[in-house]
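My notes follow in the order I made them.

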Amino acid sequence: MPDTGPAVANTNVALRLAEAFARHGVTVTFGQSLPSAFHLAAPHVGIEQKVYRQENMGGTMADGYARISRKVGVVTAQNGPAATLLVPPLAEAMKASVPVIALVQEVTRDATDKNAFQDIDHIALFSAVSKFTRRIDRSDRLEDYVDMAFAAATSGRPGPAVLLLPADLLTEKAGPVSRRKANLGTFPLDRTTADPTRIAEAAALLAAAKAPLIIAGGGVHLSDAAQELAALQQAAHLPVATTFMGKGSVDENHPLSLGVVGNTMGLGARTRDLRPMVENADVVLLVGNRTNQNGTDSWQLYPRAATFIHIDPDGMEIGRNYEALRLMGDAKLTLAALHAEIVKLDLATRAAARPKVEAQIAKAVADWRKLIAGVTTRDGGPVRPERVVTEIDKRLPDDGIVCADASYSSNWITGYITAKRAGQRFLTPRGLAGLGWGVPLGIGAQVAAPDKRVVVLCGDGGFGHSWAELETLRRLQVPVTVVVLNNGILGFQKHAEDTKYGEHTIACDFAEVDHAAIATACGVKSIRVTKGEDVGPALDTAFASNEPYLIEVLTDPNGKPPLTFYHGQFPEPF
């Protein structure tokens, strides 16, 4: 080994690693026991460990923590099988642009490639699901690789990074304390503004458009650009729609806010009657929007004849599916620059058009509320899912955070819970959309924001993936309220198979499970609800407890979100 300078008595490399992470603002890690040397050293520099039950869930906790704290989420894992369980959450973070760093222990350096216990090629394993993967083989390179990992996670398009740590390296005697001072642990790390000439061109296009539209994606939240978007919306009289991940980037009570657009614009959707406003737009500004399949309704929703303007820090995303005027840069700075440029122009045409646009949105929303009034207030059972999310919406403060599993749960919260202010957060797994991630997203969010109301919505299918984390909820005493919609089926899978094939596989139906009893067995307060009129009081009890709480609601298996894919396939409940 190279000379690293004089060792410090009773100080090992694990402590230097913890010091490096503390320098980057890390105060919390989500980890099991390994790397044990790191976790034993970390409290000495003020880093607290939140222990998960399973690595898939721990990686997702780090994801939820990062989204809310605006700091890098850190997850740790043992080599071998534990490391393989980090692949799904890192893949989600990669697709959804969330900065997470994974610390993975490896076998000792003298045992590599000798069929050591649980040895595996971690570099190959993580290559497709991280921006940066390195093994730290030399203590004198530790600070270099730590800084590179944080820079990779937080710069450009954020994402995950992986550091591999041989067990024997961590117990080596350490060299001197680092003289580095940089903190690279918040994101975006480097804010850049798009080309001013192109910003001026974009401002002119929007000011002169007959039917302009902004469609905001999750990049608005990643950039913390909600206030800049709201200012542009108001000053330039521009209607704004959002994607699933962009929900909350504008106040949905604003008269120029459409709501979520994409593949859930069937009968029963807030934006169903606003589809023509999207399809007939002549200038479309995309902000932090990946133009992915669900957000574009399989690329059939966005108008092909429109002129597109695209703001994104990743130049490869701009024009991926829709040729666009390239505004490569940070959303916060670029939206501010676009606002400053557009208010210099004559906005009389936009101002004159505003009342008609507001009236069109208001009528669509009013008609929607009238349509769903019966199903969102229906008493008795089995309970309609629309009733459940409406009761949550009534009680959720404007700084409340809602997390959901993939599948129907994400659809219910994005379609039926109102974003009450610009910047409110709705966390859904939309990168790879894995089941079981609602509960760990909620735990991570609550750790990041202990004083905020956090509610998790999940189906019984997805909740089956995360039962073990009920013990984590109890042990950490994070006051997350978990609402389980128990319809006894894998709803999305069953209904999609029925739509495609006219029948469904046997995998879609479950045996009866008492989820409230499972929660009680884990020491988490719980209640089972069988009637619509009892949902609200159950939520009141859970919220007042200020403790972890599970509400299981026996819901109608015929309840399904308004996916356009289902149009004309099933009886409607309205």
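**Entry 1: second largest cavity.** I looked up the second largest cavity and found a volume of about 90 Å³. A cavity here is a set of points, on a 1 Å grid over the protein atoms alone, where a 1.4 Å probe fits but cannot get out, and lining residues have an atom within 4 Å of a point. Grid points are joined across faces, edges and corners, and the volume is the space filled by probe spheres set on the points. The second largest cavity has 13 lining residues, with Arg67, His221, Leu222, Met245 and Arg425 nearest its centre. Helix H10 and strand S14 (425-427) each give two or more residues to this lining, and S14 gives the most, with three. I note that helices (H or I, at least four residues) and strands (E, at least two) are DSSP runs, numbered from the N terminus.

**Entry 2: what I am reading.** The model is predicted, so local features need pLDDT of at least 70 and side-chain atom pairs count only at pLDDT 80 or more, while totals for chains, interfaces and linings use all residues. Residues are numbered from 1 along each chain as its sequence is written, and side-chain values use heavy atoms, with hydrogens and water left out.

**Entry 3: largest cavity.** I then looked up the largest cavity, which holds about 140 Å³ of space. Its lining has 18 residues, and Val260, Arg270, Thr414, Gly415 and Tyr416 lie nearest its centre. S9, helix H14 (348-376) and helix H16 (408-416) each give two or more residues. H16 gives the most, with four.

**Entry 4: a sheet.** Which order do the six strands of the open sheet have? I read S9-S8-S7-S10-S11-S12, with parallel pairing; two strands pair if DSSP finds at least two bridges between them. Strand S9 (257-260) and strand S12 (324-328) stand at the edges with a single partner strand each, so one side of each has no neighbour in the sheet. Strand S7 (residues 212-216) and strand S10 (residues 283-287) run parallel and are joined by five bridges. In this pair, isoleucine 215 stands opposite leucine 286. Helix H11 (residues 226-235) packs on the sheet and touches S7, strand S8 (240-242), S9 and S10. Contact means heavy atoms within 4.5 Å.

**Entry 5: a residue in H11.** Is glutamine 233 buried or exposed? Glutamine 233, in helix H11, is buried, with a relative accessible area of 1%. Buried means under 20% relative accessible area, exposed over 50%, and partly exposed in between (1.4 Å probe, protein chains only). Leaving aside neighbours within four places in sequence, glutamine 233 is in contact with Leu238, Val240, Val250, His254, Leu256 and Ser257.

**Entry 6: H1 and S4.** In helix H1 (residues 13-23), nine of the 11 residues are buried, so H1 is largely enclosed by the rest of the structure. The buried residues of H1 pack against several elements, including strand S3 (73-77), strand S4 (100-106) and strand S6 (161-166). I checked S4 next: seven of its seven residues are buried. One side of S4 has Val100, Ala102, Val104 and Glu106, and the other has Ile101, Leu103 and Gln105. Alanine 77 has valine 104 as its bridge partner in S4, and alanine 102 stands opposite valine 162 in S6.

Notes:
Axes fitted to C-alpha atoms, helices over the stretch in contact; angles between N-to-C directions. 1 Å grid on protein atoms, 1.4 Å probe; cavity = no way out; pocket = protein on both sides within 12 Å on 5 of 7 lines; lining within 4 Å.
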